[in-house]
Amino acid sequence: MADRLGVDLGSSWLTATFALDPRSVSFDDWLLSLHVLSAFALVAGLIVFWVLIVAVRKTDTPDGTIRMAPVAKVGSAATGVGMGGTIVFGIWLAFSVGRYDIWDGWIVAALVLWVVAAAIGARTGKEFMAGMTKAQELDAAGQTGPSSELLALNRTQRGLVMHTLASLVTLLILADMIWKPGA
Ligand code: HEM
């Protein structure tokens, strides 16, 4: 039987037709789509935290601070899935896609920057959790009114700088992925 290219492929016609079909999705295509979806989740999570950082800057009550916890959970889940997915599918792609190697400069740079972003992200989380912990303590002690100490913790300058750095490092990885310098 001849396929669309007019080649006689005999009994393997079905397999050959799908392999030659430019619309067929390879395993590497699936890996790349999962990798890029993870990148979306990571960037979305970082943006959720930007929204929280802006919102918490004017929050000086325990109740107002505690009410942000569910949104923070969404941000943590998105960044967690994003960080995990980008590293797992990224390393998998580096081994699976024939034209790249794990020791290519742009891939090594991405791995180093990913570790830097993870370390900064962990410290950022600790900075902003101080405000949440204080809010829970005040709430448990029955102090529900405004607190200047809580406001100062919620406005952590270190946290703001850390999140800015984590966002910049992530943008750097994204640029590295798109331009693939040296590939
Ligand atoms: C740190 C470990 C990472 C490794 C080893 C890695 C590896 C790779 C590889 C090998 C490709 C090319 C796949 C192909 O052309 O078939 C790729 C593409 C891509 N990666 Fe990563 N990646 C990593 C992290 C990230 C992160 C953190 C992001 C997002 C912030 C990201 C976003 C992307 C995007 C958007 C593409 C598609 C770019 C394009 O081809 O135009 N990657 N990655």
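Tutor: The chain averages a pLDDT of 91, and 88% of the residues score at least 70; pLDDT is the predictor's confidence in each residue, from 0 to 100. Over residues 1–11 the pLDDT is below 50. This is a predicted model, in which local features need pLDDT of at least 70, side-chain atom pairs count only at pLDDT 80 or more, and totals for chains, interfaces and linings use all residues. Residues are numbered from 1 along each chain as its sequence is written.

Student: How many helices and strands does the chain have?

Tutor: The chain has 7 helices and 0 strands. Both are DSSP runs numbered from the N terminus: helices are H or I with at least four residues, strands are E with at least two.

Student: What makes Leu-168 exposed?

Tutor: Leu-168, in helix α7, counts as exposed because it has 12 C-beta neighbours inside 10 Å. The C-alpha atoms of Leu-168 and Ala-117 are separated by 9.0 Å, 51 residues apart along the chain.

Student: What makes a set of residues a nonpolar core?

Tutor: The set must consist of buried Ala, Val, Leu, Ile, Met, Phe, Trp, Tyr and Cys residues joined through C-beta atoms within 7 Å. The largest such core here has 16 residues, and Ala-117 and Ile-120 are among those with the most contacts inside it. Elements giving two or more residues to this core are α2, α5 and α7, with the largest share, 6 residues, from α2.

Student: Which residues does Ile-120 touch?

Tutor: Leaving aside residues up to four places away in sequence, Ile-120 touches Met-162, Leu-165, Ala-166 and Val-169. Contact requires C-beta atoms, placed from the backbone, within 7 Å.

Student: How many residues surround the ligand, and which are closest?

Tutor: The shell has 23 residues, the closest being Ala-39, Thr-86, Gly-90, Trp-114 and Met-177. A residue is near a molecule if its C-beta atom, placed from the backbone, lies within 6 Å of it.

Key:
Buried ≥ 20, exposed ≤ 12 C-beta atoms within 10 Å, placed from the backbone. Contact = placed C-beta atoms within 7 Å.
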